[in-house]
Amino acid sequence: MVDNGDDGEPAGTSPAEEVMTTFSRHHFGSSEDTADGFSVTIIENMKEEYGLFVWPCSIILAEYVWQQKSRFTSASVVELGAGTSLPGLVAAKVGADVTLTDDSNRSEVLTHMRRQCDLNNIKCKIHGLTWGVWGTQTFCLCPNIILGADVLYDSCGSAKDSFLVYLAHSECVKLLDGFSFMPSYKTSSLSGNIQLAEIVLDTANGDEKKLM
């Protein structure tokens with residue numbers, strides 16, 4: 001079930017998209033044979049476009065959310081550039097109030113996000129946002145925790161610059177090698193130098209927001 005505001009109904013899948021569609025299953029817990037965790041199934045489309053398949057950083061961030069699940073219970077969470085939404089879906093499964101966001105100009109990605117929620121029977125709000133545009137919808141989100149995996153991959157552009165300015169007075173309180181906390185059975189299919197940063201943002205009223 002998805003609360004998708006006034007974005008309309010999910011669009012259908014074309015025959016070409018169906019040919020390229022696959023499913024990946026991601027388990028969170030000590031092992032797939034125990035009852036202390038859960039699995040999230042992700043629909044992936046192998047087109048060479050961001051937002052339609054699961055990146056390694058997303059898998060690592062989702063695992064971190066699971067391991068830190070006590071911090072996410074009842075928290076208000078926004079995932080930026082959510083794409084296939086694995087970290088946000090895990091946050092919702094452990095009890096967070098989650099809003100999944102991605103590029104407002106990419107309706108196919110927003111539709112993809114709705115399908116992920118429907119498939120896993122997870123309730124999330126879904127919104128299209130535009131980097132660098134700070135409208136009323138953005139400020140009304142008011143999250144305690146912001147999640148982002150591979151959201152700064154573009155090496156140039158005003159959108160990235162504006163986001164970095166937003167973080168200018170923040171403090172990095174934790175920096176981890178992404179593989180240091182991953183279960184061994186999950187690392188075999190991952191590669192690269194992946195770092196997880198936890199950043200605390202000071203707000204005007206003295207509260208703190210965390211960015212991961």
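Buried means under 20% relative accessible area, exposed means over 50%, and partly exposed lies in between, with a 1.4 Å probe and protein chains only. With that in hand, welcome to a short tour of a predicted model, in which local features need pLDDT of at least 70, side-chain atom pairs count only at pLDDT 80 or more, and totals for chains, interfaces and linings use all residues. Residues are numbered from 1 along each chain as its sequence is written, and side-chain values use heavy atoms, with hydrogens and water left out.

**Confidence**

- The average pLDDT of the chain (pLDDT is the predictor's confidence in each residue, from 0 to 100) is 80, and 74% of the residues score at least 70.
- Please treat residues 1-12 separately: pLDDT is below 50 there, and the stretch has 28 contacts in the model beyond near neighbours in sequence. Contact here means heavy atoms within 4.5 Å.

**The chain as a whole**

- Eight helices and nine strands make up the secondary structure. Helices (H or I, at least four residues) and strands (E, at least two) are DSSP runs, numbered from the N terminus.
- Of the 212 residues in the chain, 44% are buried.
- Among contacts with a separation of 6 or more, 63% are between residues 24 or more positions apart.
- The accessible surface is about 11,000 Å², and carbon and sulfur atoms hold 52% of it. Accessible areas come from the Shrake-Rupley method with a 1.4 Å probe, and for residues only the protein chains shown count as cover.

**Strands β1 and β2**

- Strand β1 (residues 21-28) and β2 run antiparallel and are joined by eight bridges. Two strands pair if DSSP finds at least two bridges between them.
- Within this pairing, Phe28 sits opposite Phe38 of β2.
- Strand β2 (residues 38-45) has six of its eight residues buried, so it is largely enclosed by the rest of the structure.

- Helix α4 is largely enclosed by the rest of the structure because seven of its eight residues are buried.
- The buried residues of α4 are Leu86, Pro87, Gly88, Leu89, Val90, Ala91 and Ala92.
- Two of these, Leu86 and Pro87, are touched by Ser58, as is Ala149, leaving aside residues up to four places away in sequence.
- Ser58 itself belongs to helix α2 (residues 56-67) and is buried, with a relative accessible area of 7%.
- After α4 comes Gly95, with a positive phi near 110°.

**Two non-glycine residues with positive phi**

- Ser85 has a phi near 75°, a positive value in a residue other than glycine. Ser85 is in the loop between β3 (76-80) and α4 (86-93), and it is buried, with a relative accessible area of 0%.
- Cys142 has a phi near 50°, again positive in a residue other than glycine. Cys142 is in the loop between α6 (136-139) and β6 (145-148), and it is exposed, with a relative accessible area of 51%.

**Ser76 and its contacts**

- Ser76 is found in strand β3.
- Not counting residues up to four places away in sequence, Ser76 touches Asp97, Leu141, Cys142, Pro143, Asn144 and Ile145.
- Ser76 and Ala91 are 15 residues apart along the chain, and their C-alpha atoms are separated by 9.6 Å.
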